[in-house]
Amino acid sequence: MKKVNYKLGYHHDWDSNVMLPAMYRIEADGKEKYLFLVDREVGLELLDQPKKIESIYRRDMILIYILFVIPASVIILAMIMTPILHVMGIIK
């Protein structure tokens with residue numbers, strides 16, 4: 001199992017000119033991958049718990065997919081299929 005390093009850094013908020021504390025994963029090639037925003041004190045405590053960092057990241061990704069990606073896909077699919085089914089005479 002490879003060793004994964006994490007870092008508490010700052011993420012530049014694009015809505016305002018504010019630097020917010022965030023967790024980053026340091027990839028094998030040295031690049032930093034943004035994971036999530038976190039309170040500075042909580043982030044310092046999480047640095048010693050890599051499994052907890054991964055579980056928080058996984059939980060956030062699942063919520064994003066359930067709340068945004070899947071419903072948006074269903075709406076787009078319905079917008080595409082409705083005219084097609086109407087032309088075929090399946091729906092009126």
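## Strand pairing

D13 stands opposite V18 in β2. Strands are DSSP runs of E with at least two residues, and helices are runs of H or I with at least four, both numbered from the N terminus. The model is a predicted one, in which local features need pLDDT of at least 70, side-chain atom pairs count only at pLDDT 80 or more, and totals for chains, interfaces and linings use all residues. Residues are numbered from 1 along each chain as its sequence is written, and side-chain values use heavy atoms, with hydrogens and water left out.

β1 and β2 are paired in the antiparallel sense over nine bridges; two strands count as paired if DSSP finds at least two bridges between them. One further bridge links H12 to M19 in β2.

The three strands form an open sheet in the order β1-β2-β3, with antiparallel pairing. Its edge strands are β1 (5–13) and β3 (32–37), each of which pairs on one side only. From one strand to the next, the twist averages 45°. Angles run from 0 to 180 degrees between N-to-C directions, and axes are lines fitted to C-alpha atoms, for helices over the stretch in contact.

Strand β2 (residues 18–26) is joined to β3 by five bridges, and these two strands run antiparallel. M23 has F36 in β3 as its bridge partner, and Y24 stands opposite Y34 in β3. The hairpin of β2 and β3 has five residues between the strands, and within this hairpin G30 takes a positive phi near 95°.

## Helix packing and the nonpolar core

Which strands does helix α2 touch? Helix α2 (residues 50–88) packs on the sheet and touches β1, β2 and β3, and its direction makes about 75° with that of β3. Contact here means heavy atoms within 4.5 Å.

The largest nonpolar core has 10 residues: Y6, L8, M23, L35, F36, V38, L46, I53, I56 and Y57. Such a core is a set of buried Ala, Val, Leu, Ile, Met, Phe, Trp, Tyr and Cys residues joined through side-chain atoms within 4.5 Å. Two or more of the core residues come from each of β1, β3 and α2, and α2 gives the most, with three residues. Leaving out residues up to four places away in sequence, I56 touches F36 and L46.

## R25

R25 is placed in strand β2 and is buried, with a relative accessible area of 15%. Buried denotes under 20% relative accessible area, exposed over 50%, and partly exposed the range in between (1.4 Å probe, protein chains only).

The side chains of R25 and E54 are joined by a polar contact of 3.0 Å. A polar contact is a pair of N or O atoms within 3.5 Å; within protein, one must be able to donate a hydrogen and the other to accept it, and residues adjacent in sequence count only if both atoms are side-chain atoms. Apart from its neighbours within four places in sequence, R25 is in contact with V4, N5, Y6, K31, E32, K33, L35, E54 and Y57.

## The aromatic pair

The structure holds one aromatic pair. The ring centres of Y24 and Y34 lie 6.0 Å apart with the planes at 70°, so the pair is edge-to-face. Rings of Phe, Tyr and Trp (its six-membered ring) pair if their centres lie within 6.5 Å, with planes under 30 degrees apart counted as stacked, over 60 as edge-to-face and the rest as tilted.

Because Y24 lies in strand β2 and Y34 in strand β3, the pair ties together parts that are 10 residues apart in sequence. Y24 is buried, with a relative accessible area of 9%, whereas Y34 is partly exposed, with 33%.
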